[in-house]
Amino acid sequence: MNNARNGLILALILGLIATAFTGVNSPLGYSSECTDGIDNDQDSGSISGGIDADDEGCFYYPFNDGNGEETTPIGERYNSIRDYPSLFDYHRDYGGFPQVCDAYSFGLYDSNPLEKIEANTWLDSQGIPRLNCPP
């Protein structure tokens, strides 16, 4: 009986330790409001249309630790210890050329050199020079 109890306690401790480390280093994802193809806030704060990357809240901060289509205050952004997915990938996959071009011209990729290189490469592959992105 004593061995069974000790075994159970050990199993619980190991289970707690395993649970504590699970998902800590897994990257964040995008907010479901920013990827579902639905205007979740009825165009409040939209750039043009309010769906996914067209919505201002998602355009600037589409990550699932933010407020989705509602704008996430600047002081509440990028506070997680987890890795963030690419903002460029989000704009490319959920918006396309207009959103990538706008983000490029607004300097949203400037703080991450790898994203800027990805954006440069992708824009060049579209056959549209970055100079044609609206200011």
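What follows is a short exchange on confidence, helix contacts and a salt bridge.

Q: What is the mean pLDDT of the protein, before I read anything into it?
A: This is a predicted model. The mean pLDDT of the protein is 80, and 70% of its residues reach 70 or more.

Q: Where is confidence lowest, and where is it highest?
A: Helix α1 (residues 2-21) is lowest, with a mean of 63. Helix α3 (residues 87-94) is highest, at 94.

Q: OK, packing. At what angle do α3 and α4 pack?
A: The angle is about 150°, and their axes are 7 Å apart. α3 and α4 are therefore roughly antiparallel to each other, the cut-off for that being over 145 degrees.

Q: Which residues make that contact?
A: Phe-88, His-91 and Arg-92 come from α3, and Gln-99, Val-100 and Ala-103 from α4. By class, the contact of α3 with α4 has three nonpolar residues, two polar and one charged.

Q: And α3 with α5, what angle there?
A: About 30°, with the axes of α3 and α5 8 Å apart. That makes α3 roughly parallel to α5, since angles under 35 degrees count that way.

Q: Which residues meet there?
A: On the α3 side, Leu-87, Phe-88, Asp-89 and Arg-92. They meet Glu-115, Glu-118, Ala-119 and Trp-122 in α5. The contact of α3 with α5 has four nonpolar and four charged residues, and no polar ones.

Q: Switching to salt bridges: how many are found in the whole structure?
A: A search of the whole structure finds three. One of the salt bridges joins the side chains of Asp-89 and Arg-92, at 3.4 Å from N to O.

Q: Where do Asp-89 and Arg-92 lie?
A: Both are in helix α3, three residues apart, which is about one turn of the helix. Asp-89 and Arg-92 are also among the α3 residues that meet α5.

Q: Last pair, then. How do α4 and α5 pack?
A: Helix α4 (residues 97-105) and helix α5 (residues 113-125) pack at about 135°, with axes 11 Å apart. The two are therefore oblique to each other. α4 passes α5 in a left-handed crossing.

Q: Which residues make the contact?
A: α4 contributes Phe-97, Val-100 and Tyr-104, while α5 contributes Lys-116, Ala-119, Asn-120, Trp-122 and Leu-123. Six residues of the contact of α4 with α5 are nonpolar, one is polar and one is charged.

Terms used: Residues numbered from 1 in each chain as written. Heavy atoms only, no water. pLDDT = per-residue confidence, 0-100. Helix = DSSP H or I, 4+ residues; strand = E, 2+ residues; numbered from the N terminus. Axes fitted to C-alpha atoms, helices over the stretch in contact; angles between N-to-C directions. Parallel < 35°, antiparallel > 145°, perpendicular 65-115°, else oblique. Left-handed = near helix turned anticlockwise from the far one by under 90°. Contact = heavy atoms within 4.5 Å. Nonpolar A, V, L, I, M, F, W, Y, C, P; charged D, E, K, R; others polar. Salt bridge = Lys/Arg side-chain N within 4 Å of Asp/Glu carboxyl O.
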